[in-house]
Amino acid sequence: MNKTIRRASVFALLLVLALLVRATWLQFYDGQALADDNDNRRNAIATYSRPLGNIIVAGDAITGSARTKGSDLAYKRTYKDGELYAAVTGYASQAYAPTQLEGIYKDLLNGTDNRLKTVMDTVTGERADPGNVLTTIDPAVQKAAYRALGDKKGGAVAIDPKTGRILAAVSTPSYDPSSLTDASTAGKAWKTLNADKDKPLTNRALRQPLPPGSTFKLVVAAAALEDGLYDSVDQRTSSPDPYTLPGTVRPLENENKSAPCKNASIRVALQYSCNNVFGKMAVDLGQDKVKAMAEKFGFNDDELDVPVRAYASVYPSGMDKAQTALTGIGQFDVTATPLQMAMVSAAIANGGKLVSPHMVSQITDSGGDVLKDYDDSTDTQEIISSTTAEQLQSAMETVVKDGTGTNALIDGATVGGKTGTAQHGENNSKTPYAWFTSYGKSDSNGKEVAVAVMVEQSDAARSEVSGNGLAAPVAKAMMQAALK
C-alpha cells in the first residue's frame, strides 16, 4: 500500500472514530438534556397525546382534557370555573411552561412521575396512567371570597388553624386558564393578559407582598408580650401622644385624632389602631426582637412552599430608630402577602402554634391509591406561648366587638380581627391598601378558620378606603362559609 493511500485510510478511520465518540456522547450524556429541552416538540406531543390527570376540589375535578382538531397535539387542558380557581391551579399550556399546581405536579399529571410506573411500564418503557392532585380547597369558602372581592383588585386566603389546610386562595382580577391552553390561540391571549394594567396573571393571594399596615401590629404586640416589655394586654404602655419619630421632628399621627391613645394598653391600642403605641413599642423592643418575632411567624422565608412557592414577606434590617418605629405600624419596608397575615391569625387562634399551611392534601395514582398524604406530614411550630395567644385573642375580639373591625361580626361565632390601612406612594399620594386579618370560631360546631384579605384597589372614594370598610366584609363572607 502506498503512502498516500495509507494516510487516507488512517484519516478516514479517525473520522469514523470521531463520529462514534460523538454519537456515544449524544446518546449517553446529552440525550436526557435534549429530551428534557422545552423546545423539543416531541415532549409536547407526548404530554398531550392523551388526557392529563386532574386537580380535585372537594371530590370534583376542576380540570379536564379535550380532543383537539388538526394538530399533532391530540389533547388540550380544560378548566371548570377557571377564573375562580386560577390562583390555585395555574395553567397547563401547549405553548407555555405550566404554573402553580399544574407546574409543580406536571410529571404526576402527565404520567412521567416514577412513582406511577408499574413493573410492566418499566419493562416496556410506556408512559404510566396519570395521577391526580387532591386539594384542601373548600369550594364554598373559595366562592365566598371570589364573590365578595368582586371587581376589586386584591387577594384573600383562608386557613384552618388546627390543620394548616388552605381553604381558599383567591386573586382578583382573575383570568381563565383555558385561554392559554391551545397553542394556536395562546399567543394572542398571553399578550392581552400581560398588557392588562390590572395584571390578572399576578397571584395576589400568594405572590404579591405589599405593606400590611396596622395588621402587623399583632406581630409587634406578640413580641412585646413574649419579651416581657408588658405583662398583659391591659397594662398601660408608655406611649406619648403625639409620639415624635426618634431623631426627627415628625410626629407619628393617629388616624382617629380623638382616640384614647396616650399611654394606651395593647388592647385599647389595637381597638383604636393607635400608631403612637406600636411605633414606640417597636423602638423600645428594638428591630432585632421585632424581626425575630416576625420571622417566627414566617417573614423573611424565601422557601415557603404550600406547595406553590409564596413570595417572601419581608421585615427589614439595618434601620435607624425612626424607621424601626414605622415598621411597628407595618410601614417603611415591611411587606406581607395575604397568606402571611392569615398565618399570623392562624397561629394566634391555635393557641400560639402554627401548623404549616398547605393546599394539597394528597396525590394519588390513576386508581386512587395515595402516593403521598400531605395532611399527615405537616409541621407544627410554637410561635408564641398559649398565654400570649389567649391575650391576643381577647384583644382581637375587642377590635371586632367595639373597635375598628365591627364589619366582621358574625352571629353564632367568636371573631377576632385586626384592620389595616397601609400607605401607598410617596407621602401617601396613592390610594392606600386596605387589609383585614382575623379568625372565627363557631359557637356550635367547633369549626375554626383564619383569614386575611388585602384590597389593593377598588372603586371606593379615597376617604372610604379602610380595612373595616373594604376588607372586613370579604373576611366575614369567607368566615361564614367556613364555619357552616
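This is a predicted model: local features need pLDDT of at least 70, side-chain atom pairs count only at pLDDT 80 or more; totals for chains, interfaces and linings use all residues.
Entry 1, arginine 147. I looked for the element that holds arginine 147 and found helix H7, which spans residues 139–149. I then took a C-alpha to C-alpha distance from arginine 147 to methionine 478 and got 9.8 Å. Along the sequence, 331 residues separate arginine 147 from methionine 478.

I placed arginine 7 in helix H1, residues 3–36. Its relative accessible area came out at 55%; since exposed means over 50%, arginine 7 is exposed. I also looked up glycine 368, which is 361 residues from arginine 7 along the chain. The C-alpha atoms of arginine 7 and glycine 368 are 67 Å apart.

I asked how many residues of strand E7 (residues 166–172) are buried. The count was 7 of 7, so E7 is largely enclosed by the rest of the structure. I then looked at the pairing of E7 with strand E6, residues 153–159. The two strands run antiparallel and share 6 bridges. Within this pair, I found alanine 158 opposite alanine 168 of E7. I noted that E6 and E7 make a hairpin, with 6 residues between the strands. In the turn, I read a positive phi of about 80° at glycine 164.

Notes: Residues are numbered from 1 along each chain as its sequence is written. Side-chain values use heavy atoms; hydrogens and water are left out. Helices (H or I, at least four residues) and strands (E, at least two) are DSSP runs, numbered from the N terminus. Buried means under 20% relative accessible area, exposed over 50%, partly exposed in between (1.4 Å probe, protein chains only). Two strands pair if DSSP finds at least two bridges between them.
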